[in-house]
Amino acid sequence: MTIEVKNLVKKFGSFAALDGVDLKVNDGELLALLGPSGSGKTTLLRIIAGLDWPDSGEVSFNGEDALAQGARERHVGFVFQHYALFRHMTVFENVAFGLRVQPRAVRKDEAAIRSRVKELLDLVQLDWLADRYPSQLSGGQRQRIALARALAIEPRILLLDEPFGALDAKVRKELRKWLRSLHHEIHVTSIFVTHDQEEALEVANRVVVMDKGRIEQIGSPDDVYDNPATAFVHGFIGESIVLPIQIGDGAIRLGDRQLDLAADGLAPGASKLFVRRHDMLVGPPGSGAFEGAVQHVRNFGPVQRAEVALSGGETIEIDAPRDKELRAGDTIGLNPRRYRIFAG
Amino acid sequence: MGLTLSWLSVIILIPLAGLFLRSLELSPEQFWNILSSRRTLNALRVSFGLAFAAACVNLVMGSIIVWALVRYRFPGRRIFDAIVDVPFALPTAVAGVALTALFAEKGWLGAPLAALGLKVAFTPVGIFVAMIFIGIPFVVRTVQPVLQDLDPEIEEAAGSLGASRLQTIVRVILPSLAPALLTGLALAFARAVGEYGSVIFIAGNLPNVSEIAPLLIVIRLSEFRYADATAIAVVMLVVSFVIIFAVNRLQRWAQSRIPAR
């Protein structure tokens, strides 16, 4: 099932939750909607599910107008952040719900429902919990049941709204892997919303980065990390050093220091230079574009993180390999291995 | 623990025991004669029958009111929310006088109803109306917090799984609210059975027709027939207790299917 969204606009009062969004989701892909809270990602997901309606724009499934249908007709599996399990029903009945409420003409008989539910519980590896109530389950188990329940109706599309947002870090990591392998197994077109960049980069085939109701970039996980299209994406995904620079007369300046970086093709004026922390390579003084004094150094697992006061007046944090000798008080040269410059 | 038990004993159990002891002064035969008299039976029938009917009406209407108060935002919602408590706070005699004036043959509501051939004041219908009036807050206030707690997401979940609105209400919402609904029903019923003040003004108090059991007790007391009064009281007590107990069991059963979160 392909999903196509065209020029979607949704306002809550004067706040534009979606401000002209265009998106094409390919058949069978696992897409992440990534953005800070208030970026419109959940609103977009809910409109695709039929739980919200846009002010204007189009949504189509396989070329068919989806906005003409309600949530009930769209045949979309939706997984909520807080599970939304029916707490007066057993796990088994929760999963069976979608099968039991089908119109009589297409409803399966009891035996078929039982075997289908069993199959789904096996798929989420929780068949031994069939007779429990949701309140007796852990968060991770509840979310897997919610997923099994959504899959019961053989949805054309699976939508997950911050599916791991309410879980603790360890469970979240396990479920991420599990979701990816599950998707590999069932191959239903899936979109999941997250504000956790690591989650998006690890799980999805493609990542859509959103901010303020607009799509900033669509690309593979490698793409959005290595080639951020906008300043927002660079700042949001991975940790970045941001330096205010001036471009003019074919040169780049930080404060009054001219940087030894190529200024070809850059528009003159105030800009921002983005560098990843680990892309700032440490060398002897005078060897790089920047020079600075090390303020202090701390070890962070595989790297050491140094705070460096640049001669231009800015203070930055860089990550260097542990074997590089760095001490507070050293003067060092810094050379950005890769960097991006965005106007503004 | 000790304090709880002593307090419950002093406030509730000892007076009830006194009631029972008092009724023991009667021989079983006397007891039976008092109870099987036509007037007593009719009074009990009026009290319990109408109280149950009123509680059922309150269950349905109360649920609708709760739904509107919790799920919709409309101008004046807070005022309506406060109005629900009026029957709680109003002295029952005031309520009785107000209802009587309203439903009397020349009252605002009584006149048009009388034109339709329905006489409310001074008939059993009047008792029914008064019992509905005083019972409504019990249903609303017990169900309200539970509904507030019920995540609207479960309705969206049901909808996206293909359930119609009706299926969502019957299979998801009502079962989740069942324990609270039963509690509200029981409380409204218990209150209506015991209601005295507001009912006697509007009832007309015709023996065998619109005379409620609590009024009969008062009448017997004023005639210094204390044993008669206690006998009726004991029956009311036992029947109320059985009903409350049954509802309690039902509620427990409903709750056991929703273990505490």
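Tutor: In an unreviewed UniProt entry, the annotation "transmembrane region" covers residues 46–70, 82–104, 116–140, 169–190, 196–219 and 226–247 of chain B. UniProt positions are given in the numbering used here, with feature names shortened, and annotations may be inferred rather than shown by experiment. Residues are numbered from 1 along each chain as its sequence is written, while chains are lettered from A and ligands numbered from 1 in the order in which they are written. The model is predicted: local features need pLDDT of at least 70, side-chain atom pairs count only at pLDDT 80 or more, and totals for chains, interfaces and linings use all residues.

Chain B has an average pLDDT (the predictor's confidence in each residue, from 0 to 100) of 86, and 97% of the residues score at least 70. For the complex, the predictor gives an ipTM of 0.81 and a pTM of 0.80.

Helices (H or I, at least four residues) and strands (E, at least two) are DSSP runs, numbered from the N terminus. A43(B) counts as buried because it has 24 C-beta neighbours inside 10 Å. A residue is buried if 20 or more other C-beta atoms lie within 10 Å of its own, exposed if 12 or fewer, and partly exposed in between, with C-beta atoms placed from the backbone. Leaving aside residues up to four places away in sequence, A43(B) touches E211(B), I212(B), A213(B) and L216(B); contact requires C-beta atoms, placed from the backbone, within 7 Å. V60(B) is 17 residues from A43(B) along the chain, and their C-alpha atoms are separated by 26 Å.

Two of the annotated spans can be described further. Residues 226–247 of chain B are 100% helix and 0% strand, with end C-alpha atoms 31 Å apart. For residues 116–140 of chain B, the end C-alpha atoms also lie 31 Å apart, and the span is 68% helix and 0% strand.

The wider packing is described through nonpolar cores, that is, sets of buried Ala, Val, Leu, Ile, Met, Phe, Trp, Tyr and Cys residues joined through C-beta atoms within 7 Å. The largest has 81 residues, of which A32(A), V95(A) and L159(A) touch the most other members. Helix α5 (residues 139–152) of chain A supplies the largest share of this core, seven residues. A43(B) belongs to a second, separate core of 55 residues, which also includes M131(B), L177(B) and F189(B).

In chain A, helix α3 (residues 91–100) has eight of its ten residues buried, so this helix is largely enclosed by the rest of the structure. V95(A) is among those buried residues of α3(A), and their cover includes α4 (110–123) and α5 of chain A.

There remains the meeting of the two chains. In this interface, 21 residues of chain B are in contact with 21 residues of chain A. On the chain B side, the elements giving two or more residues are α9 (153–160) and α10 (165–194), and α9(B) gives the most, with six residues. That side divides into nine nonpolar, six polar and six charged residues. Here Ala, Val, Leu, Ile, Met, Phe, Trp, Tyr, Cys and Pro count as nonpolar, Asp, Glu, Lys and Arg as charged, and the others, Gly among them, as polar.

Notes:
Contact = placed C-beta atoms within 7 Å.
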